[in-house]
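Subject: Structure for you, with notes

Hi,

Here is the structure I promised to pass on. Have a look at it first, and then read my notes below.

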Amino acid sequence: MELTLSDLSVARGGLPVLAGVSLSLAPGHALVLRGPNGSGKTTLLRTIAGLQPALSGQVTGAEDRIAYAGHADGLKAMLSVRENLTFWAEVFGTRDVERAMQAFALVPLAERLAGTLSAGQKRRLGLARLLVTGRTIWVLDEPTVSLDADAVALFAGAVRAHLAQGGMALIATHIDLGLEAAVLDVTPFRVALDGVGFGSSDEAFL
Amino acid sequence: MRALLVRDLRLALRAGGGFGLGLAFFLIVVVLVPFSVGPQPELLGRIAAGVLWLAALLACLLSLDRILALDFEDGTLDVLATAPLPLEAVLSVKALAHWLTTGVPLVVAAPVLAVLLNLPAAGYAGLVLSLALGTPALSVIGTFGAALTVGIKRGGLLLSLLVLPLYVPTLIFGAEAARRSAQGLDATTPMLMLAGISAGVLALMPFASAAVLRVNLR
């Protein structure tokens with residue numbers, strides 16, 4: 001089933017940032033979001049993931065199918081790599097931890113505490129979590145931060161494999177991942193802040 | 001849900017998890033009270049139930065901001081919010097983990113420390129029972145406070161101010177039950193009220209906590 005955004009407007013801190021975003025994403029396809037810092041990519045992705053309500057418009061086909069990876073990796077420093085992944089696998093009701101570790105070359109690090117990993121290794125662990133969720137739609141916010149060239153290639157490979165199985169991916173990134181993906185620049189959807197009122201009245205107080 | 005509980009317990013027991021924090025605070029307060037009150041065994045015996053309850057409540061309060069703050073900072077809550085578990089269940093499990101790591105040790109330590117306060121022999125069963133009935137309410141209400149203040153850096157002060165009034169009924173009935181049983185009176189009524197408070201907040205608070213957490217995650 002497709003993921004569809006129809007005339008979606010999103011707000012951050014009570015101020016509208018993007019308006020009128022419409023797109024649809026079919027199984028097996030990826031979409032790369034681009035735009036300068038502060039243009040609302042993260043807000044759009046969080047809205048699609050259901051973490052915040054849309055100002056107006058609709059997201060359809062996202063319910064319980066999204067694996068979200070934001071700026072923070074959701075790792076516990078005092079748990080080992082394997083324990084971190086096993087926890088997320090159990091939360092999402094899957095068990096294929098080994099395959100996820102292999103996909104991101106984490107097997108040699110399996111028993112290390114996540115707190116002792118380098119920034120890039122942590123990021124790889126955070127991305128390996130996507131594989132154990134078993135979810136169809138990957139919503140990724142700057143997934144390649146602190147990854148080296150090899151790790152970016154591993155990541156691109158994982159996304160390709162995911163798409164080949166009928167998955168979908170929405171990726172906000174500034175670098176070229178070498179994926180065969182459509183690109184959407186969010187700049188045209190930005191809301192000029194002068195002269196635009198606040199969102200719904202209570203939004204201003206949240 | 002079991003995975004979340006196991007993970008929270010494991011994290012609490014590992015270095016830096018803060019498992020002993022509440023217990024150590026409880027120990028310190030109860031050990032120091034006889035020094036500050038002076039060598040008056042009968043006075044100590046009279047205030048023992050109230051002091052133990054107050055110390056347990058404050059010890060509980062001390063560890064509340066750890067329930068959600070760490071998971072918020074490292075992005076775990078974002079992922080849990082998109083996971084198949086409902087947030088109400090997540091927060092109930094979090095409260096349960098907090099009770100197991102903070103409330104249960106307090107219940108176990110209370111009769112030992114009550115000796116220091118010269119609690120009358122008749123009061124031990126009532127003390128343990130009232131704490132066992134009351135501390136779950138403290139954890140569940142505390143989880144609500146933690147959810148309310150989760151986005152705020154160092155929100156400990158605000159958390160305490162918000163949660164303390166909500167703790168008052170639990171404290172009143174808990175201490176009253178312990179006091180009455182220490183004096184050899186019938187403690188059934190305050191004990192039932194205490195159990196009622198716990199049952200009520202256990203049933204209702206997770207919904208409130210999840211609602212405010214959803215707002216805070218925006």
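I started with the contact between the chains: chain A puts in 21 residues and chain B also puts in 21 residues. Keep in mind throughout that this is a predicted model. On the side of chain A that touches chain B, the elements giving two or more residues are strand 5 (66-69) and helix 2 (81-91) of chain A. Helix 2 of chain A has the largest share of that side, with three residues. By type, the residues on the side of chain A that touches chain B split into 12 nonpolar, five polar and four charged.

Now for chain A itself. You'll find five helices and eight strands in it, and from the N terminus the order is β-β-β-α-β-β-α-α-α-β-α-β-β. Its radius of gyration is 18 Å, close to the 17 Å from the globule rule for 206 residues, so chain A is as compact as a globular protein of that length. The C-alpha trace of chain A spans about 55 × 35 × 30 Å along its principal axes. Of the 206 residues in chain A, 41% are buried. As for contacts in chain A with a separation of 6 or more, 75% of them are between residues 24 or more positions apart.

If you want a pair to click on, A:A11 stands opposite A:P16 in strand 2 of chain A.

Then have a look at helix 1 (residues 41-48) of chain A. Seven of its eight residues are buried, so helix 1 is largely enclosed by the rest of the structure. The buried ones are A:K41, A:T43, A:L44, A:L45, A:R46, A:T47 and A:I48, so you'll see that a lysine and an arginine are on that list. Which strands cover the buried residues of helix 1 of chain A? The cover includes strand 1 (3-12), strand 2 (15-25), strand 3 (30-34), strand 4 (56-60), strand 6 and strand 7 (168-172) of chain A. Just after helix 1 of chain A, A:G50 takes a positive phi of about 85°.

Strand 6 (residues 137-141) of chain A is also where A:V139 is found. A:V139 counts as buried because it has 28 C-beta neighbours inside 10 Å. Leaving out residues up to four places away in sequence, A:V139 touches A:L45, A:I48, A:A49, A:I66, A:A67, A:Y68 and A:L170. A:V139 and A:A169 are 30 residues apart in sequence, with 6.0 Å between their C-alpha atoms.

That brings me to the largest nonpolar core, which has 125 residues. The members that touch the most other members are A:A128, A:V139, A:L170, B:L52 and B:A56. Helix 6 (residues 87-114) of chain B gives the most to this core, with 13 residues. In general, nonpolar side chains tend to be buried together in soluble globular proteins. Over in chain B, B:L52 touches B:V30, B:A110, B:L113, B:A114, B:L117, B:L127 and B:A178, again not counting residues up to four places away in sequence.

Cheers

Note on methods. Residues numbered from 1 in each chain as written. Chains lettered and ligands numbered in written order. Predicted model: local features only at pLDDT ≥ 70, side-chain atom pairs only at ≥ 80, totals over all residues. Core = buried A, V, L, I, M, F, W, Y, C linked by C-beta atoms within 7 Å. Buried ≥ 20, exposed ≤ 12 C-beta atoms within 10 Å, placed from the backbone. Helix = DSSP H or I, 4+ residues; strand = E, 2+ residues; numbered from the N terminus. Contact = placed C-beta atoms within 7 Å. Rg over C-alpha atoms; globule rule 2.2 N^0.38 Å. Nonpolar A, V, L, I, M, F, W, Y, C, P; charged D, E, K, R; others polar. Pairing = 2+ DSSP bridges.
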